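Student: Can you walk me through this one? I'd like to start with the surface and then go inside.

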Amino acid sequence: EVHEILREYELKYCFVDRNKGTAFVTLLNGDQAQDAIRSLHQSIVRSRDITVQLQPTDSLLCLTNLPHTFTAQQLEELVRSYGNIERCFLVYSELTGHSKGYGFVEYMKKDSASRARSELLGRPEGDRAVMVQWTDVNQLTAGHHLHSKCLCVDRLPQEYDSEELTLLFSDRYKPVFCQLAQDEGSPVRGFGVVEYESAEQAEAILIEMDRTLVGGQEIRLSLCTPGTSGRSTLAALIAAQGVMLSNKKGLLPEPNLAQLLNSMTNPAALQVLMRPYHTGKRGGKFGRPPSLSPFLRPPLTAALFQLGKVQQVRILWSV
């Protein structure tokens, strides 16, 4: 009967709960869903008025701060390992035709979405760290709701304040909200959120000011999750950054040179010296290759290795 009612549409999934008197249906795309709502909402079936509306979902995520060179295929590869996907897409700029740096993924199960959110939050992609937020499905019902009015401004100087940020981002358009993350006693700092009246204004500022030098630092701009106010966006980003910081606290820091020299009696420490690893920030338009840590360059590493052997011999003789 449900298939007959929806015979003009292509059904991907249909489940009828007779106890509740409801049917859950997945159509081919959002356009068909919107058309079905307009055509069938408050119509009569078996002498009863029926209600047709979008089903709320608790499995929809928005991924922001993606590289602008990211493709739809790369996004799908990034998210598909966590579970079966209902839909997944990037949001593109009508002005440039390129990705706006964020996209959506909806999983068929909430636990898949929860796992994806936990593991993807803070994941490095290029010279950016992916941000992940739960999203209301109603944000996807109209095209203009997909375009964000809020910008995240990252890598600001630590001494920067909100007044300076407002002044910096008021030259072309006046923001409706502009504030730094400056919670008292919180380690979450160095970024802020700027909200404009329209998505077009936000995108224009993104194109104009991304990678601008501020206080000798190259700032990064990215569009935030659409459909939320600047104040709510800032609160969500502070919470997400707090989670990222707390997750990092469980990691052991890389040993510094003094620690390594003091532990030369341990053969394992010598192996650490011989293990190449990299440090340094990426820079340039697409990032420069990271440089080898200055005290782990091959000649110095070999010298430290010999020093460790000498130290072990001295201890052996003293025994």
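Tutor: Start with a cut-off: a residue is called exposed when its relative accessible area is over 50%. Keep in mind that this is a predicted model.

Student: OK. Is Ser47 buried or exposed, then?

Tutor: Ser47 has 74% relative accessibility, so it counts as exposed. It sits in the loop between S3 and strand S4 (48-49).

Student: What about the phi of Ser47?

Tutor: It is near 65 degrees. That is a positive value in a residue other than glycine.

Student: Where is Gln42 found?

Tutor: Gln42 is in the loop between helix H2 (30-40) and strand S3 (44-45). It has a positive phi of about 65 degrees, although it is not a glycine. With a relative accessible area of 60%, Gln42 is exposed.

Student: Switching to rings. How many aromatic pairs does a search of the whole structure find?

Tutor: Two. Take Phe89 and Phe104: their ring centres are 5.5 Å apart and their planes are at 35 degrees.

Student: Why is that pair called tilted?

Tutor: Planes under 30 degrees apart count as stacked, and over 60 as edge-to-face. The planes of Phe89 and Phe104 are at 35 degrees, so the pair is tilted.

Student: Which strands do these two lie in?

Tutor: Phe89 is in strand S6 (residues 85-92), and Phe104 is in strand S7 (residues 99-107). So the pair ties together parts that are 15 residues apart in sequence.

Student: Is Phe104 buried or exposed?

Tutor: Phe104 is buried, at 1% relative accessibility. Phe89 is partly exposed, with a relative accessible area of 26%.

Student: And the rest of S7: how many of its residues are buried?

Tutor: Nine of its nine residues, so S7 is mostly covered.

Student: How do S6 and S7 run?

Tutor: They run antiparallel, and six bridges join S6 to S7. Cys88 stands opposite Val105 in S7. Ile85 also has a bridge partner in S7, namely Tyr107.

Student: What do S6 and S7 form?

Tutor: A hairpin, with six residues between the strands. Gly97 is in the turn and has a positive phi of about 80 degrees.

Student: How many bridges does S7 share with strand S5?

Tutor: Four. Strand S5 (residues 60-64) and S7 pair in the antiparallel sense. Cys62 has Phe104 as its bridge partner in S7. Phe104 is also the ring that pairs with Phe89.

Student: Back to the rings. How do Tyr173 and Tyr196 sit?

Tutor: Their ring centres are 6.4 Å apart and their planes are at 75 degrees, so that pair is edge-to-face. It links distant parts of the chain, 23 residues apart.

Student: Which loops are they in?

Tutor: Tyr173 is in the loop between helix H5 (162-168) and strand S12 (177-180). Tyr196 is in the loop between strand S13 (192-195) and helix H6 (199-209).

Student: How exposed is Tyr173?

Tutor: It is partly exposed, with a relative accessible area of 25%. Tyr196 is buried, at 1%.

Student: Where is Ser170 found?

Tutor: In the loop between H5 and S12. Ser170 is partly exposed, with a relative accessible area of 28%.

Student: What lies over the face of Trp134?

Tutor: Lys110 does, at 6.0 Å from the ring centre.

Student: Which residues line it?

Tutor: Among them are Leu156, Pro157, Tyr160, Leu180 and Phe191. Gln158, Gln182 and Arg189 are also part of the lining.

Student: How does the lining split by class?

Tutor: Six nonpolar, three polar and one charged.

How values were computed: Residues numbered from 1 in each chain as written. Predicted model: local features only at pLDDT ≥ 70, side-chain atom pairs only at ≥ 80, totals over all residues. Heavy atoms only, no water. Phe/Tyr/Trp six-rings, centres within 6.5 Å; stacked < 30°, edge-to-face > 60°. Buried < 20%, exposed > 50% of the residue type's maximum accessible area, 1.4 Å probe, protein only. Lys NZ or Arg CZ within 6 Å of the ring centre and 35° of its normal. Pairing = 2+ DSSP bridges. 1 Å grid on protein atoms, 1.4 Å probe; cavity = no way out; pocket = protein on both sides within 12 Å on 5 of 7 lines; lining within 4 Å. Nonpolar A, V, L, I, M, F, W, Y, C, P; charged D, E, K, R; others polar.
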